[in-house]
Amino acid sequence: MSSRYDGAVTIFSPDGHLLQVEYAQEAVRRGSTVVGLCTRNCIVLGVEKKAVDPLQVERATHKIKKLDDHLIITFAGLTADARVLINRAQIEAQMHCLNRERPASVEYITRYIAKLKQQNSHTNGLRPYGVSCIIGGFDVDGKPHLFQTEPSGIYYEWQANSTGRLGQAVRTYIEKNRSAMINAPNEVEAVKQMVRTLHLSTSLGPSFFEVVVLKHNEPMTKVAPEMIAYMVQLIKQEVAEEEAKQKQQQRTAAT
């Protein structure tokens, strides 16, 4: 029956669904895992990188982009769709700064991206963007914000969130460790929490992670692969010590 209602994005199914939008959401669920974290003094974005072909130029595969000096974005889903949205958002951020003589707020750019997505969810002849974006940055007052947009055009603000193929597993981990993550006292601890989240949720090695940090009035900084590898080793040691301590407590309780 669904084939009768998924031929155009403007057709509702009898149970009130726009099937083309749901198909776009499925494209997001099949995309690489991305994570966003908003602490008191920085924004941290982390992504799961796919294996790069030996002949491919690695710099062409980065999934964390700068929208403006105070705005960064990552995404899960169709890379080509994300490229179009990112290009338009970059232009909008520049036009806002030129016309209003102040940087665009994080919510303004998020709302602009969400508007582009929503337009494609009710215009005949178009299809929804198969991408979910996580946008982070700082407003003029120095306050950090983290937003996520969906293919339907809705958006929400988060302290930390994830989307992509392992998005639900990562969110479960974030919920259990929420306090330690959002209350990270400094940039190093925030990056460590991000690497810990990616490593324990995906079970992948450090070569598959990319992490970027943005601080107020400072340029976007990519965390060096060597630092990520060092943190993964440190996290493995901490996890092993925690497991040994738990086993010891269990043996003590049994006796």
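Q: Angles under 35 degrees count as roughly parallel, over 145 as roughly antiparallel, 65 to 115 as roughly perpendicular and the rest as oblique. At what angle do helices α4 and α6 pack?

A: This is a predicted model, in which local features need pLDDT of at least 70, side-chain atom pairs count only at pLDDT 80 or more, and totals for chains, interfaces and linings use all residues. Residues are numbered from 1 along each chain as its sequence is written, and side-chain values use heavy atoms, without hydrogens and water. Helix α4 (residues 167–176) and helix α6 (residues 187–202) pack at about 125°, and their axes (lines fitted to C-alpha atoms over the stretch in contact, with angles from 0 to 180 degrees between N-to-C directions) are 10 Å apart. Helices here are DSSP runs (H or I, at least four residues), numbered from the N terminus.

Q: What does that make them to each other?

A: α4 and α6 are therefore oblique to each other.

Q: Which residues make the contact?

A: Ala 169, Val 170, Tyr 173 and Ile 174 of α4 meet Arg 196, Thr 197, Leu 200 and Ser 201 of α6; contact means heavy atoms within 4.5 Å.

Q: And how do those residues divide?

A: They comprise 5 nonpolar, 2 polar and 1 charged. Ala, Val, Leu, Ile, Met, Phe, Trp, Tyr, Cys and Pro count as nonpolar, Asp, Glu, Lys and Arg as charged, and the others, Gly among them, as polar.

Q: New topic: how do α6 and α7 pack?

A: α6 and helix α7 (residues 225–254) pack at about 70°, with axes 10 Å apart. That angle makes α6 roughly perpendicular to α7.

Q: Which residues take part there?

A: Those from α6 include Val 188, Val 191, Arg 196 and Leu 200, and those from α7 include Ile 228, Met 231, Val 239 and Glu 242. The residues of this contact divide into 10 nonpolar, 1 polar and 5 charged.

Terms used
Helix = DSSP H or I, 4+ residues; strand = E, 2+ residues; numbered from the N terminus.
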